Amino acid sequence: MISKRIQDIQLSSTLAATQKTRELKAEGRDIISLTVGEPDFDTPKYILDAANKAIYEGKGHHYTDSAGIAELRQAIADFHQKHDFVSYEMDEIFVSAGAKLILYYLFQALVDEGDEVLIPIPYWVSYSEQIRLAGGVPVFIETDPENGFALTEELLDRYTSDKTKLLVLNSPSNPSGAVFNEEQLRIIGDYCVRKNILIIADEIYYKLVFNGAKSQSIASLSEEIRQQSIIVNGMSKAFAMTGWRIGYALGSKKVMQAINKIASQTSGNAAGISQYAALAALTEGSDFMEENRKLFETRLNAAYPLVKDLPGFKLYEKPMGAFYLFPECSEAAKMTGYDTVDAFTMALLEEAHVGLVAGSGFGMPKHIRFSYATSTEEFAEGVQRIKTFMEKHRAK
């Protein structure tokens, strides 16, 4: 009954881990969840007030342009002009119900059957499955954690073929927290310009960078790279608006028209009230955005040494962005009697009551993703439970 294309794709491992954790909590178990990729606090009051005001002014009650309201698209253009010094026209901006849906639309619009799409490992879990849904072939680029997961020209050459159409770039990275610097981004951008490979740059975390790391959009490097790039961003991470479901794309008019065509036949517009909330976030939220960044910087600096000191957990260098740690844990699994990190991760949930996401969903099965988008106290308690679990099992 179910179509083959749906049977062939995998359930999102991050959502599956989060759901399993919630189910155990609902059973009354004392679970510490370090799975979820969202801030643990509510959307700030100034956004709620703006949304409430819009409701009672009669805004957002009806269908809008499927590409988003004009005021929001202009605010997005102004935001990126201010932060990246890159100019986008209104018809180069598309707004929809979350960055994930934007990515799905882009793959549907750009990928033909058999087209190859380069994806550096580790990668966010939905890239490969969305590409397969579009009939494309994900080509995974093996990067080196000891080299900061760097994507070099040599690596790109090794995996590029005459069927290569797209490169998916995620910086800051989910799950590794790695951030490409300007030199690295320029090498990638110039290579793609020469080879006529379109770049889909997932920059959803680009305002969450820490300890002196620089926030940089690849589109800001040159006009040629800008023309070769489609930027995907949204409100979820920097503004604590995951549930409002607002994402957007920046790119050529031709590509924006193509994804707008898909939206017109599928989702229609993003929720009207959410669009007005996003408008307030962008136009009134510079103070909150910086406070949010500083909070996660503090959490990273507290979480990193705790995980680094766990026996059998290997962190090659400190992440610079997003809100994840992604240690190699094969030795920890072996030390406690588990053949795979997947089995080790499940044991941590069921026995230590700590929810994590196994690295297999990100293309690196020897790793585990920790989210520090929670209080420093809860994170520390989660790490202590893992330590106690390991002491117990190592003693056997």
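Buried here means under 20% relative accessible area, exposed means over 50%, and partly exposed is in between (1.4 Å probe, protein chains only). Strands are DSSP runs of E with at least two residues, helices are runs of H or I with at least four residues, and both are numbered from the N terminus.

A word on the source: this is a predicted model, where local features need pLDDT of at least 70, side-chain atom pairs count only at pLDDT 80 or more, and totals for chains, interfaces and linings use all residues. Residues are numbered from 1 along each chain as its sequence is written, and side-chain values use heavy atoms, with hydrogens and water left out.

Back to β7, which has partners of both kinds. With strand β6 (residues 198-202) it pairs in the parallel sense over 4 bridges, and A201 stands opposite I231 there. With strand β8 (residues 247-250) it runs antiparallel, again joined by 4 bridges, and V232 stands opposite A249. Two strands are taken to pair if DSSP finds at least two bridges between them. In general, the strands of a sheet pair through backbone hydrogen bonds, either parallel or antiparallel.

Another set of strands forms an open sheet of 3, in the order β9-β12-β11, with antiparallel pairing. β9 (324-325) and β11 (357-358) stand at the edges with a single partner strand each, so one side of each has no neighbour in the sheet. β9 is joined to strand β12 (residues 368-371) by 2 bridges, and the two run antiparallel. Within this pairing, L325 stands opposite F370 of β12.

Which way does α12 run relative to α15? The axes of helix α12 (residues 286-308) and helix α15 (residues 376-394) come within 10 Å and cross at roughly 10°, which makes α12 roughly parallel to α15. The axes are lines fitted to C-alpha atoms, for helices over the stretch in contact, and angles run from 0 to 180 degrees between N-to-C directions. Angles under 35 degrees count as roughly parallel, over 145 as roughly antiparallel, 65 to 115 as roughly perpendicular and the rest as oblique.

From α12, R299, A302, A303, L306 and V307 meet T376, F379, A380 and V383 of α15; contact means heavy atoms within 4.5 Å. By class, this contact of α12 with α15 has 7 nonpolar, 1 polar and 1 charged residues. Ala, Val, Leu, Ile, Met, Phe, Trp, Tyr, Cys and Pro count as nonpolar, Asp, Glu, Lys and Arg as charged, and the others, Gly among them, as polar.

## An enclosed helix

Helix α6 is largely enclosed by the rest of the structure, because 6 of its 8 residues are buried. The buried ones are S126, Y127, S128, E129, Q130 and I131. What covers them includes α5 (99-110), β3, β4 (137-142), β5 and β6. After α6 comes G135, with a positive phi near 90°.

## Backbone geometry worth a look

Most residues other than glycine have a negative phi, and most peptide bonds are trans. Another joins S171 and P172, with omega about -5°, and P172 lies in the loop between β5 (164-170) and α8 (182-195).

Positive phi turns up at N196, near 55°, in the loop between α8 and β6. N196 is exposed, with a relative accessible area of 58%. R245 also has a positive phi, of about 55°, and it lies in the loop between β7 and β8. At 33% relative accessibility, R245 counts as partly exposed.

## The side chain of S33 makes a polar contact with the side chain of T35 at 2.8 Å. A polar contact is a pair of N or O atoms within 3.5 Å; within protein, one must be able to donate a hydrogen and the other to accept it, and residues adjacent in sequence count only if both atoms are side-chain atoms. Leaving aside residues up to four places away in sequence, S33 touches T21, K25 and G355.

T283 is found in helix α11 (residues 272-284), where its side chain reaches the backbone oxygen of L279 at 2.8 Å. The C-alpha atoms of T283 and F79 are separated by 8.0 Å, although these residues are 204 residues apart along the chain.
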